Amino acid sequence: MKKRIVYITISVAVCLLIGFLSSIATQSSVNDWYLTLNKPGFTPPNSLFAPVWTILYILMGVSAGIVWSKGYHHIWVKTALYHFVFQLLFNALWSIVFFGLKNPLLGLIVILILLSLIMLTIKWFRIISKPAALLLVPYLLWVAFASALNYKIWELNP
C-alpha cells in the first residue's frame, strides 16, 4: 500500500508538472489570440479550463500510479505506461500547437491522435486495473469535447 501511494504521488506530480508547463505555452495566447477567435456557442468560459484540467491531471496521475504499482517489471504494465507517457506528450503537444503556434488545423490533427492514444491507454490500463482505466474516462470525455470545440474553432476561423 505504501508503494502504491508513492507511485501515485509521483505520477500525479508528473502529470501536474506537464499540465503546468503546457499552460506556460498557452497563457499568452489565451489572453489575446484566443479571445479574438470566433467560437461556437458551446464554448465553456475560460475560467473553467484550469480547474477542469487540474482535476483531470490528478485523475490521470492516480490512474498511472495504480498501474505502475502493479509492477513495472511486467510487460503489460510497461506497455500500458508507455501508452500513457505517449498520450501525455501529445496532450502537451496539442497546447503548443493550438495555442503556441496558433494553428487550429494542426491542433485538430494532434487532438484526434491524442483521442486515439487515450483510448489505447484505457484499453491497456483496463487489462491491469479496471479502476485505473475508469479514472481516465472523464479525461477521454473532456478531450472528445475539446476535439469538437477545436474542430468548430477551425471551421469558424478560416
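Residues are numbered from 1 along each chain as its sequence is written, and side-chain values use heavy atoms, with hydrogens and water left out. Because the model is predicted, local features need pLDDT of at least 70 and side-chain atom pairs count only at pLDDT 80 or more, while totals for chains, interfaces and linings use all residues.

Two packed helices are described by the angle between their axes and the distance between the axes. Helix H1 spans residues 2-31 and helix H4 spans residues 75-100; helices (H or I, at least four residues) and strands (E, at least two) are DSSP runs, numbered from the N terminus. The axes of H1 and H4 come within 8 Å and cross at roughly 10°. Axes here are lines fitted to C-alpha atoms, for helices over the stretch in contact, and angles run from 0 to 180 degrees between N-to-C directions. H1 and H4 are therefore roughly parallel to each other (angles under 35 degrees count as roughly parallel, over 145 as roughly antiparallel, 65 to 115 as roughly perpendicular and the rest as oblique).

On the H1 side, the contact is made by Val14, Cys15, Ile18, Ser22, Ala25, Thr26, Ser29 and Val30. These residues meet Phe84, Leu88, Ala92, Ser95, Ile96, Phe99 and Gly100 in H4, where contact means heavy atoms within 4.5 Å. By class, the contact of H1 with H4 has ten nonpolar, five polar and no charged residues. In this scheme Ala, Val, Leu, Ile, Met, Phe, Trp, Tyr, Cys and Pro count as nonpolar, Asp, Glu, Lys and Arg as charged, and the others, Gly among them, as polar.

Cys15 is buried, at 1% relative accessible area (buried means under 20% relative accessible area, exposed over 50%, partly exposed in between, with a 1.4 Å probe and protein chains only). With residues up to four places away in sequence not counted, Cys15 touches Tyr57, Met60, Gly61, Phe84 and Leu88. Under the same exclusion of residues up to four places away in sequence, Ser22 touches Ala92 and Ser95. Ser23, likewise in H1, is partly exposed at 28% relative accessible area. From Ser23 to Phe90 the C-alpha distance is 14 Å, for a sequence separation of 67 residues.

The structure holds one salt bridge, defined as a side-chain nitrogen of Lys or Arg within 4 Å of a carboxyl oxygen of Asp or Glu. The salt bridge joins the side chains of Glu155 and Lys152, at 2.5 Å from N to O. Both residues lie in helix H7 (residues 137-156), three residues apart, about one turn of the helix. Glu155 is partly exposed at 37% relative accessibility, and Lys152 is partly exposed at 27%.

A pair of aromatic rings is described by the distance of the centres and the angle of the planes. A search of the whole structure finds 15 aromatic pairs. In one of these, Phe86 with Phe90, the ring centres are 5.3 Å apart and the planes are at 65°, so the pair is edge-to-face. Rings of Phe, Tyr and Trp (its six-membered ring) pair if their centres lie within 6.5 Å; planes under 30 degrees apart count as stacked, over 60 as edge-to-face and the rest as tilted. Phe86 and Phe90 are four residues apart in H4, about one turn of the helix. Phe86 is partly exposed at 43% relative accessible area, whereas Phe90 is buried at 16%. The rings of Tyr151 and Trp154 form a tilted pair, with centres 5.8 Å apart and planes at 55°. Tyr151 and Trp154 are three residues apart in H7, about one helical turn. An aromatic cluster is formed by Trp33, Tyr34, Trp94, Phe98 and Phe99.

Most residues other than glycine have a negative phi, and most peptide bonds are trans. Lys102, which is not a glycine, has a positive phi of about 55°. Lys102 lies in the loop between H4 and helix H5 (104-128) and is partly exposed at 39% relative accessibility.
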